Amino acid sequence: MWNWFHKLASPPHFYRLAGIFSPWMLWSSLILIAIGTYGGLVLAPADYQQGEGFRIIYVHVPSSYLSTMIYALMAVTSGIGLIWRIKLAHAVAASAAPIGASFTAVSLLTGMLWGKPMWGTYWEWDPRLTSELILLFIYFGYMSLRASFEDISKADRAGGLLAVVGVVNLPIIHYSVIWWSSLHQGPSIKKLDAPSISGDMLWPLLLLIAASTLFFGALLLYRVRAEVLDREHNSRWVQDLLGEMPGAG
Amino acid sequence: MAEFFAMGGYAQFVWGAFGIWFVCVIFNIVAARRKFRISVERATMAAARHHHRTTRKMKQQNDT
Amino acid sequence: MTPRKQRMLTVGLVVVGVSLAVGLALQAFQENLLFFYSPTQAIAGEAPEGRKFRLGGLVEEGSLTRESGELKVTFMVTDLKNTLPVSYEGVLPDLFREGQGVVAHGYLQPDGSFLAEEVLAKHDENYMAPEVAELLAEQGHPVDGKPAGPAKN
């Protein structure tokens, strides 16, 4: 197990494996996203309270989920990178950040478009909305902190510490609707055996959550490969790989 | 069909939200590929430089 | 202690320290973080006097009255213990229903009623097709009118 882990964490091995998997993951995730979108827009019935407007759930929930899941991954890999000094872990964290930031923005924007007709307002300084906005700022802070260092290993250490510290915001986002009185409703999928959303509305949602996770995985592999090349372009294996066949990847 | 696009009067909100999501998906693919392409170019350049250096060194060694 | 264990300890201590600091700060600002006050709290004088605040609760069944030809409405907001009359002039959000959650932003009047400048609807986490909702209602399950979680402290 440990051996296998070390082998995976070795950059040339990771680079090769990721190159094999990422296109497959990308295409299958796009197909699943298409099916889920069709299910959400066409097959799922309208809601008894919100009518057709509730369909925003099919883009709002997957992007909100990605925004926090990606941050959790970023914090864990940063922690691993800081403690065990594994460069690949830092490369994963650095690559996840822009993807996470983009989905956090989508979560906020689609939430606003949902809030306007249903609640009566685009924005309200409500605990859930505010903590999600803070998450976006933490992503921006992480990326600009990294960009301010010339030296990659310094960027890894400073950014890693910020990512690890920022993890306190995650439970605040999650429990904000339970701890404080909030405009945002509680979670609809607390446990899978008794969700507060009926089955014909649920499956496209679950499919889209799974598909967008796969989509994120494909993007992450693409970006980590690029990050590995940036960090290792002086090492033998990169020169062997690219010296022989220029432009190939 | 027109009824489907009207989304029960919520057209601008529903299509707006799906549009934002779709743009984000496409943007992420383009951005990731772009980043990869730039990194490959940069690493290829570095490898070529290195290759050039080592061959020159070898040539010098052969000459002497 | 190996350097790795030391790093582990440092990272762990930083996370615990920041969590404690944030937790204490949130505890201290609990009052300000309260998004809305319940009618009980408003009647007990816990809500800021003479200042705008938010009143949250359920719209009491059958309490909505609309003045003909105008946008002016009055309704009762309840937390199932106390109720407060609310008056409002403007467009109500789509999810505004009797028996559903509502958050009104405005002032408490000297006569004990609440004058709202903005009314927001709060919905629950249940999603289902209209036919399912009808079926559930026929079987006697309440599908709406559930308490929308008035302030818990």
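The side chains of A:Arg236 and A:Asp240 meet in a salt bridge, with N and O 3.3 Å apart; a salt bridge here is a side-chain nitrogen of Lys or Arg within 4 Å of a carboxyl oxygen of Asp or Glu. This is a predicted model, in which local features need pLDDT of at least 70 and side-chain atom pairs count only at pLDDT 80 or more, while totals for chains, interfaces and linings use all residues. Residues are numbered from 1 along each chain as its sequence is written, chains are lettered from A in the order in which they are written, and side-chain values use heavy atoms, without hydrogens and water.

**Salt bridges**

- Both A:Arg236 and A:Asp240 belong to helix H9 (residues 236-244) of chain A, where they are four residues apart, about one turn of the helix; helices (H or I, at least four residues) and strands (E, at least two) are DSSP runs, numbered from the N terminus.
- A:Arg236 is exposed at 60% relative accessible area, whereas A:Asp240 is partly exposed at 33%; buried means under 20%, exposed over 50% and partly exposed in between, using a 1.4 Å probe and protein chains only.
- Over all chains, the structure holds ten salt bridges.
- Another salt bridge pairs A:Arg146 with A:Asp156, whose closest N and O atoms are 2.8 Å apart.
- Because A:Arg146 lies in helix H5 (residues 127-147) and A:Asp156 in helix H6 (residues 152-165) of chain A, this pair ties together parts that are ten residues apart in sequence.
- A:Arg146 is buried at 13% relative accessibility, and A:Asp156 is buried at 4%.
- A:Asp230 and B:Arg42 also form a salt bridge (3.7 Å, N to O).
- A:Asp230 lies in helix H8 (residues 199-232) of chain A and B:Arg42 in helix H2 of chain B, so this pair joins two chains.
- A:Asp230 is buried at 16% relative accessible area, while B:Arg42 is partly exposed at 42%.

**A buried residue of chain A**

- A:Met74 is located in helix H3 (residues 57-84) of chain A and is buried, with 0% relative accessibility.
- A:Met74 and A:Ala91 are separated by 17 residues in sequence and by 9.8 Å in space, C-alpha to C-alpha.

**Chain C**

- Chain C contains four helices and six strands, in the order α-α-α-β-β-β-β-β-β-α from the N terminus on.
- Of the 153 residues in chain C, 38% are buried.
- Chain C is divided into domain 1 (1-33) and domain 2 (36-138), with bounds from an automatic or database domain assignment.
- The C-alpha centres of these domains of chain C lie 40 Å apart.
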